[in-house]
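Please examine the structure shown below.

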Amino acid sequence: MYVNSRPVDALGRFVQAGPACGVRLVRLVELDEYNRYTANPLEFDADGDVQVDTDVTLVVTNLAEPADQAGQLDADTDAVAVDVDGCWIICVRQAGSAMFPAKIASSSGGAVYSVREQKISAAGVFSDADDTTNITAQNLAELSLGPGAAVDNDTIVLVTTLTSAGTPPTLMYVFDHPTYAKYLS
């Protein structure tokens, strides 16, 4: 049986749960301290274009980041801020891992490779992405399967970006290519 249910507006229900509070669209200006940022309110003009109110500065706390570490959000990030007892709160997580196709340029030994980002044409043909350089990526399959350098040059792989847990975090590139699968048949 099909039941037509209305979408749930979680933010609307949150706002209704307490006394009247403010909700504003804000643009982050810079990191203030830990998970707090300075921000300017955003408004829409009569044409629907976004206007930044630089006369007003708010301090917003990002609940999606630890309160004892420096925040990682970029300036010019837009967010919805909710006024909770006089404190402006946002909840913005870092974007998930980015993935992109890459071509193996060379092996650096072990599970480490130089790869070059690729773009794909409408006809399905891969070519080097514009303004790209070789980056270093690790093959996760080789980290536990034995000697490396088993992926052939010019092989297309799907590379994932990961952020390390270090302070400051570093960007790492990995792919998972089953190098020895062709020998198991």
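This is a predicted model, in which local features need pLDDT of at least 70, side-chain atom pairs count only at pLDDT 80 or more, and totals for chains, interfaces and linings use all residues. Residues are numbered from 1 along each chain as its sequence is written, and side-chain values use heavy atoms, without hydrogens or water.

Q: Which residue in β6 stands opposite V84?
A: Strands are DSSP runs (E, at least two residues), numbered from the N terminus, and two of them pair if DSSP finds at least two bridges between them. Strand β5 (residues 78–84) is joined to strand β6 (residues 87–90) by 3 bridges in the antiparallel sense. The two form a hairpin with 2 residues between them. Opposite V84 stands C87.

Q: Which residue of β5 stands opposite R27?
A: Strand β1 (residues 23–33) pairs with β5 in the antiparallel sense over 5 bridges. Opposite R27 stands D78.

Q: Why is F100 classed as buried?
A: A residue is buried under 20% relative accessible area, exposed over 50% and partly exposed in between (1.4 Å probe, protein chains only). F100 is buried because its relative accessible area is 11%.

Q: Why is I120 classed as exposed?
A: I120 lies in strand β8 (residues 112–120). The class of I120 is exposed because its relative accessible area is 53%.

Technical notes. Helix = DSSP H or I, 4+ residues; strand = E, 2+ residues; numbered from the N terminus.
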